[in-house]
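Student: Please take a close look at one part of this model and describe it in a connected way.

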Amino acid sequence: MLDQRILIKDTLNNIDKEVTLFGWVDSIRDHGKVGFIDLRDRTGIIQVVFYGKNYETIKSLGNEFVIKLTGKVQKRGEKQINEDIETGTVEIDLKEVEILNTCKEMIPIPVNSEGLDIKEEKRLKYRYLDLRRTRMQKIMRLRSDLYKNIREEFFKNDFVEIETPLLTKATKEGARDFLVPSLYDAGKFYALPQSPQQYKQLLMTAGFENYFQLAKCVRGEDLRADRGFEFTQLDIEMSFVDREDVLTKIEAMVKNIMNKMGVKMKDNIFPRIDYHDAVAKYGEDKFDLRNEQEKKDNVLAFAWVLNTPMYKKVDKEDAAEVEDGKNGWTFTHNPFSVPMPEHIGDQIKGKNLDKIISTQYDLVCNGYELGGGSIRAHTRELLESTFKNMGYSKEEIEKQVGHMLTAFELGTPPHGGIAFGLDRWVMILAGEKSLKETIAFPMTSTGKTAVMQGPDTIEESKLKEFNIKIIEKDE
Ligand code: ASP
């Protein structure tokens, strides 16, 4: 099949030649004796002219039919040129057409519009159609391009890409865990990773020094119109670094990636803003530094937020915080962070918790928190002190992070890292408003998976295998 095919964009280099094209019928305009098909493939749209003997087949065609056609590429007359499409100077004089598959006349959602006015439920039920629209095709390709540039930049800088498990034990990132019952150990549960935090630290113990991963994370956070439970992170960890090293290195890499993608940035050197100043000035720790013109030009304004408090009082409305902070204090970002060197004394003594400043750094972009990380605890004493400061007993610490403490006594180097929200990064680059526009198959706002409508009930026999009983929920 493919050896005969040329792509629509290449018709421009095949003028006066007979070519074979494959694609979808974007639209048909029948004017009686002559008619036009707009044919679409992944590279664009081209106009096909038909008359005479092809009429019978054309009559049975409809929008979104999949066809193969042969015809001659011919130049259009001056007046017929269509500036709106790339192939607007040529058209195909149809010779033969073959139907490869049909499409129902009543297509559930239109695919030749922006799609933003269609109900979310319908867009996600027929996401494979929704993704056919040009806007979504562009976003998915932009995402793929970002991944490619990230990988190239990290490999160039001597990072190793390593995958970490999906079925694991809880990693605390301040959200509730998603649990998966074990088939072999009935009554026990795996947790899906809220991030690869602990594994990436263990990869530092393992001596890889520079790690990255495009990692799936799952967090039981309240659903919002623009967010589901899963997201993808660019996850990074480095050994033998202090805060300044991470800031310098990561900033340079982010700039290289953005420059390669032709993105304009507001500042050559990302401004660094103190957490308390940011909150005083903008009311929160994320902000948009662009002026109106820069917003129109889709310029990216990055800034670092530094000197975040290490601990905060538990928000009693937040189930995860209540569980994490046993004595009313919990971590602000990550329990594996260490304080700035001058606060380590208080940290170990458990004094002045409200004044302890973390090594945490957050990268803000156009009003969003794009990434965040910190220098980590790499000794038993440092990690234990954080959990003690949140009111954990020796036994509780052992149960939560005993495996980390063991590793920290077996030659773990000092290390630190960061993670970026990739969905958010794509959203900013594409100038979109919702994270869901950047994910091929996102969840609905009621937590149903796209197309397949999970979660689903399971048969009684399966419940038995897992040793699970369903209890009716009290209203
Ligand atoms: N694990 C952190 C997070 O997911 C990021 C980091 O500190 O590297 O937010």
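**Strand pairing and the ligand**

Tutor: Strand β15 (residues 361-365) is joined to β16 by five bridges, and the two run antiparallel. Strands here are DSSP E runs of at least two residues, helices are H or I runs of at least four, and both are numbered from the N terminus. The model is predicted, so local features need pLDDT of at least 70 and side-chain atom pairs pLDDT 80 or more, while totals for chains, interfaces and linings use all residues. Residues are numbered from 1 along each chain as its sequence is written, and side-chain values use heavy atoms, leaving out hydrogens and water.

Two strands count as paired if DSSP finds at least two bridges between them. Eight strands form an open sheet with mixed pairing, in the order β6-β9-β10-β17-β16-β15-β12-β11. Its edge strands, β6 (160-161) and β11 (272-274), each pair on one side only.

G372 is also among the residues around the ligand, that is, with a heavy atom within 4 Å of it. At least two residues of this shell come from each of α5 (197-205), β16 (368-375) and β17 (415-421). Polar contacts are N or O pairs within 3.5 Å. A polar side-chain atom of E173 lies 2.6 Å from a ligand nitrogen atom. For K200, a polar side-chain atom is 2.7 Å from an oxygen atom of the ligand. The protein buries 88% of the 270 Å² that the ligand exposes when taken alone, by the Shrake-Rupley method with a 1.4 Å probe.

Note on methods
Polar contact = N/O pair within 3.5 Å; in protein donor to acceptor, adjacent residues only side chain to side chain.
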